[in-house]
Amino acid sequence: MSISHAPPSSPEPDISGISKSKAAGAEHPDRAPADNQPTDPQPTDLQPTDLQPVVPASSRRLRIPRWLRRTAGPIVLLALWQVLTVTGVLTADVLASPGRIAQVGWDLVRDGSLPSAMGTSLRRVAFGLLFGTAIGTGLALVSGLFRVGEDLVDAPVQMLRTVPFVGLIPLFIIWFGIGETPKIAIITLGVTFPLYLNVYAGIRGVDSQLIEAGESLGLSRWGLVRHVVLPGALPGALTGLRYALGIAWLALVFAEQVNADSGIGFLMVQARDFLRTDVIVVCLIVYAFLGLLADFVVRSLERLLLQWRPTFTGR
């Protein structure tokens with residue numbers, strides 16, 4: 001049997017005034033509320049619906065699409081070029097206007113001479129890149145994976161790398177004649193050395209702790225090469241491939257201007273003989289476009305094959 005000291009009908013004590021007075025005392029700790037002064041805080045005009053979210057300054061800034069930013073530079077350059085030709089600063093015999101070059105390019109496409117030349121040049125670059133990639137990567141693997149291979153291969157390659165490949169054109173003509181072989185050999189030589197240097201640096205740049213971790217896990221020598229060394233050297237190999245593509249187009253320019261009867265370089269030689277600056281600029285634009293397209297392919301391969309490596313992409 002329990003005994004209750006409070007009557008059943010007594011109401012529960014109201015503590016709202018106490019909490020409000022404590023809140024007021026917390027706001028003004030140096031002043032005690034008077035007995036005849038209301039303890040309720042003064043209402044403010046700010047309502048919850050009037051609160052605005054804080055937006056960072058970077059989010060309020062106008063965002064320009066990236067494709068527009070990347071095309072802004074070439075558009076400005078073309079506009080400046082057109083203004084200089086219209087005002088007479090650049091004459092037609094020095095440099096044709098963009099409109100004239102576009103018309104000449106369309107004429108070359110329509111009569112089939114430009115597509116045929118592009119096909120011939122692409123075939124030469126493809127063969128030179130294939131042979132150069134195989135030779136450069138093979139030498140880098142031998143030199144990077146084996147100390148004996150480094151002693152036998154690296155010194156001769158470094159010696160040949162310092163020789164300008166353009167200076168070997170007369171020798172290639174004497175050795176291989178004036179057909180397609182010397183042209184492909186020049187491109188192959190130009191492609192070999194960037195790939196060798198970057199693949200070799202990528203192999204030797206693999207962290208030694210990763211090698212020790214692979215050995216502790218019981219990987220064989222081939223397993224280390226396959227699962228540790230080659231993935232670690234892949235970023236350097238792709239960088240070397242980008243350099244090699246640029247040098248391949250540069251070597252093609254020299255190769256196609258020596259005893260060539262087809263290709264983009266052959267069109268440039270003919271245009272030089274007839275003082276056609278518009279045709280020369282069209283050929284240069286085609287070279288630049290093909291090089292940009294090849295670089296885009298390699299960058300796409302980088303994004304596909306290097307998904308495991310997070311990198312800084314700029315802000």
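Accessible areas come from the Shrake-Rupley method with a 1.4 Å probe, and for residues only the protein chains shown count as cover. With that in hand, I looked up the surface: the protein exposes about 21600 Å², and carbon and sulfur atoms supply 65% of it.

**Ground rules.** I'm working from a predicted model, where local features need pLDDT of at least 70, side-chain atom pairs count only at pLDDT 80 or more, and totals for chains, interfaces and linings use all residues. Residues are numbered from 1 along each chain as its sequence is written, and side-chain values use heavy atoms, with hydrogens and water left out.

**Overall.** I found 12 helices and zero strands; both are DSSP runs numbered from the N terminus (helices H or I, at least four residues; strands E, at least two). Of the 315 residues, 28% are buried (under 20% relative accessible area; exposed is over 50%, partly exposed in between; 1.4 Å probe, protein chains only). I also checked contacts (heavy atoms within 4.5 Å): among those between residues at least 6 apart in sequence, 69% join residues at least 24 apart.

**Helices 7 and 8.** How do helix 7 (169–176) and helix 8 (180–204) pack? I get an angle of about 135 degrees, with the axes 9 Å apart. Axes here are lines fitted to C-alpha atoms, for helices over the stretch in contact, and angles run from 0 to 180 degrees between N-to-C directions. That makes helix 7 oblique to helix 8 (under 35 degrees is roughly parallel, over 145 roughly antiparallel, 65 to 115 roughly perpendicular, the rest oblique). Ile169, Phe172, Ile173 and Phe176 of helix 7 meet Thr181, Pro182, Ala185, Ile186 and Leu189 of helix 8. By class I have eight nonpolar, one polar and no charged residues there (Ala, Val, Leu, Ile, Met, Phe, Trp, Tyr, Cys and Pro count as nonpolar; Asp, Glu, Lys and Arg as charged; the others, Gly among them, as polar).

**Helices 10 and 12.** Next I took helix 10 (221–256), whose axis comes within 10 Å of that of helix 12, crossing at roughly 165 degrees. That makes helix 10 roughly antiparallel to helix 12. The contact includes Leu234, Arg242 and Trp249 of helix 10, and Tyr287, Asp295 and Arg299 of helix 12. By class, I note 13 nonpolar, two polar and five charged residues.

Which residue has a positive phi although it is not a glycine? Leu275 does, at about 55 degrees. I placed Leu275 in the loop between helix 11 (264–273) and helix 12 (277–305). Leu275 is exposed, with a relative accessible area of 73%.
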